[in-house]
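I opened this entry to record what I looked up in the structure. My notes follow the order in which I checked things.

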Amino acid sequence: MSVRPYYASQGAVPLSHKLSEVKWSLAILIALIACVGFAVLYSAAGGSLEPWAQRQIIRFMIGFFILLAVACVDLRVWMGLAYPAYACSLLLLVAVEVAGRVGLGAQRWIELGPLQLQPSELMKIALVLALSRYLHGLGPGEVSRPLKLLPPLIMIAVPAVFVLMQPNLGTATLLAVGGALLLFLAGLSWHWIAATGATIAIAVPTAWQFLLHDYQKQRVLTFLNPDSDALGAGWNITQAKIALGSGGLLGKGFLMGTQSRLNFLPEKETDFVLPIIGEEFGFIGTMVLLGMFAAVIWYGIQIAMTARSQFGRLLAMGVTLNFFLYIMINALMVMGLIPVVGIPMPLISYGGTAMMTVMFGFGLLMSVHVHRHVNVPRHSSGMI
Amino acid sequence: MALIEKKPKSRHATFTRRSLVVSGGMTAVFGVLAGRLYQLQIENGDLYLNRAEDNRINQRLLAPMRGRIVDRFGVALASNRRNYRVLLVPEQTRGGVVQTMDALAKVIPINERIRAKVLKDALVNKPFVPLIVAENLGWDDFARLNLDLPYLPGVLPDVGDTRDYPYTEEFSHVLGYVAPVAAEDKSAPQEVASDDPILEVPGVRIGKRGIEKTYDTAIRGRAGASRVEVNAYGRVIRELGRDEGTPGRDVYLTIDRELQNLIFERLKNESAAAAVMDIENGDVLALVSTPGFDANAFNVGLTPEQWNDLTTDDHKPLINKALSGAYPPGSTFKTVTALAALDQGAITPETMFNCSGIVRLGTHDFHCWRKGGHGAMNLRLGLKNSCDCYFYQVAMKLGIDGLQAAAHRLGLGQPTGIEIPGERGGFIPDRFWKQATFKEPWQQGETLVAGIGQGYILATPLQLCVLAARIASGTQVSPRLVHSLGTQKLGRPAAEGIGFSAAALAAVRQGMNAATNEPGGTGYPWRINDSKFAMAGKTGTAQVRVITREEHITGVRTNESLPWSLRDHALFIAYAPVDKPRYACAVVIEHGAIAPHPQVQVARDALLFAQQRDIVGRPPSYPVTSASAAP
């Protein structure tokens, strides 16, 4: 077979060859977006590298190294690591949840020296890996068989419920929607999709109308939108919209955003970073940024389409969809179209774990590209 | 379809198809984001830009300098003085607000009340908001504080402006006072121009009484503004622009502070009122009401004890008695009765009436103040001796209707229109009023009582001064206090003739002259000896109690033997000089009708002082006027 020699000689491929296979245009595009982030964090601090921009640069450099390192690791290694990674992430997720409840604290992360490790962030990658591996093992049409469909549904539901209990609605949504989209891409039959859609369409309003008491409804509403009071999220969203809108066509200019400089914008270095861009660079600048995001997604789809293995395709698309959902939820939130959920803008927002997981995800995407010709066996490889 | 999906590469095909669907969805989401951005930034960009500007720009109003109030010779009666204040910025203190207040208390006096207020304010306000710790500090305290500043971080000395009344009680009723804007001020738009942004200036004071109130909108000026950029916590980042506003206009009064001072010093221990007017143009030269109060205390803020003292004092210092005190005019009103009777033809100056000490009407006896009577009286003698019986009989011939019309022409029974709020109109009764109020017809006996200024008749001291001025000038002269606002001269109509015949006026003037300048006249002992300055006048005594029939028989008790509040009021109206009148004066001393006629002495001294000083002849220091259009 034509692929056989390649597969056989896999271990001997030099690192330099792998690095030359990396899609450098995508890597540069990612770095450019990160640079926009540095500039915005510099501006948010009132024209200072402290306290955010400098650290973000260092994190990005580490993240970029991780990206390259992950890209050079064989795809079959990642497939082999998929289930263990999922198991570890789930274990950590349960551990912090239990620790959080027992200690009556709200801490949902693990201290790793200077880094804070959030298991829910790890789970985003691990779930994509695990689902890709599972769906890779299914034959055409098999995904629609109830018994074959049950395991991935459980794989999605368990971490989603744990994250939801933290409570972190944004990340739970990311996990659930990202997982469901992978099932869809793997060929889940339209019957299932239609049936699920119909069930949700009927069940939710029915339960809302007849099964829940008023106080339960109120709890659900409060849970869905914890800061529904006017001085909380209402104020945040109002200020975010003012920041965005006041930018107009061309913006107020770099370092000239009054909403961010005078602290009217809440959490401006994390979740509400996009309004700073809107305020200082206007409609044109924001659209350019969205265009850069769209280009990254376009690269992701290209890589997925050209991958030889189903695992590679699903992994690439899963990572890309995760990136897209991040952007979508954050942007819709700061534009006041959905309630406030704590989802940062990838590559731009200040934050360690998010930067690392996003860069790790791009590393996997890049690995799919580097190993796009690799033929991955249907079942567990012997590389691990 | 099913056949294709069984082949391995069909998974790739399915993936590709589904990826296209997902890509379509993502494209749609990007479309939504772009559309929303367009809506926020392009369609509503201006709206949000305005809201962003509203967020960051704060308008801080600046109080303009309040206009001064000066007398006719330029003496400042109300001005502004430096207000040495101490501010405290909690976040700049070392060791907290409590410790700093303790340290501060060793340098300047801080009482418990202020201390508690500052500590409370410190909890409520953001830590960078300056709190006022002390105001109106003396220079010594302020200097000492500045010396200790290096050891008091967070303490800011500050100099502001505050209203100052150098002559305090002397002018408290003319000038009024200023005080912080109260809630009810804002609901009385026509009076205080409630839409004026100046009312929003923190700590601003507005006029509450007197000239300060009447001309408040002119005196207060136009508020300036400082546009500052603030951050989300309200901290001022920088000043963007500044408009200093326009200082208020100065008010030039016709008052002479020297004359005011002379009268006030003579009356300050009494409950009394006095007015001096220029009879040619109505300029009020002095307008005194005693006791006064310290208007500066109102500005700073009265303590409950101070307020209690002011409101419970039986001399009623808060009332402007010169125009809000209405008294029975007593015998001073005989001039009105005389003029009315002459004008109506009821008497001639030589008409004689006999005074036996008593006039009997039906079953009622009407007594003269002099037991045993005065004998035969004509008008001159009647006024000279202030003979009650003479005027009972004049009034009987005249009737109440003629009396009322003449009184109104002489300025009684309606407000004079002086530029001070709260003026009362006094009262002149008539038949219709009596019928409407008491459901009884007018009694002739009431006409007799009215003829000597008792009964229902009430007049303010200012009205009595106008009465004297009108008799002396023969015109309907009206009093005014304000000559000009800033450089704008306030116009006033020329006084019209009063409509009494020259002969009638001359006869009454002759009687008043006899009362003060002929031996035996009621005011003779306190006349002005220098004939160049001689005054003509009419004394009056107003009863505040009912004298019983028994008392008439046994002898009326002297005022000196009665408690203060039961003594008669003492009144006097006069003008001077006799030959060529220029000054009119009225003095009323509540419960002051004792032997040495203090009210006559005060009027004599005031008129003599005014003439010797030649108040109306000296050049006033009014500003060069721009307009003098009469309204």
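**Helix α15 of chain B**

I listed the buried residues of α15(B): B:K334, B:T335, B:V336, B:T337, B:A338, B:L339, B:A340, B:A341 and B:L342. I note for the record that this is a predicted model.

I then checked how much of the helix that list covers. Helix α15 of chain B runs over residues 334-344 and is mostly covered, with nine of its 11 residues buried. One of the buried residues is a lysine, B:K334.

I looked next at what follows the helix.

**Chain A overall**

I turned to chain A and counted its elements: 15 helices and two strands. Of the 384 residues in chain A, 46% are buried. I also checked the contacts in chain A with a separation of 6 or more: 75% of them come from residues 24 or more positions apart.

**Contact between chains A and B**

How many residues does each chain put into the contact? I found 38 residues from chain A and 35 residues from chain B. On the side of chain A that touches chain B, at least two residues each come from α8 (169-185), α11 (230-247), α12 (258-261), α13 (274-306) and α14 (310-334). Which helix gives the most to that side? I noted α13(A), with 11 residues.

Last, I sorted the side of chain A that touches chain B by class and recorded 23 nonpolar, 13 polar and two charged residues.

Terms used
Residues are numbered from 1 along each chain as its sequence is written. Chains are lettered from A and ligands numbered from 1 in the order in which they are written. This is a predicted model: local features need pLDDT of at least 70, side-chain atom pairs count only at pLDDT 80 or more; totals for chains, interfaces and linings use all residues. Two residues are in contact if their C-beta atoms, placed from the backbone, lie within 7 Å. Helices (H or I, at least four residues) and strands (E, at least two) are DSSP runs, numbered from the N terminus. Ala, Val, Leu, Ile, Met, Phe, Trp, Tyr, Cys and Pro count as nonpolar, Asp, Glu, Lys and Arg as charged, and the others, Gly among them, as polar. A residue is buried if 20 or more other C-beta atoms lie within 10 Å of its own, exposed if 12 or fewer, and partly exposed in between; C-beta atoms are placed from the backbone.
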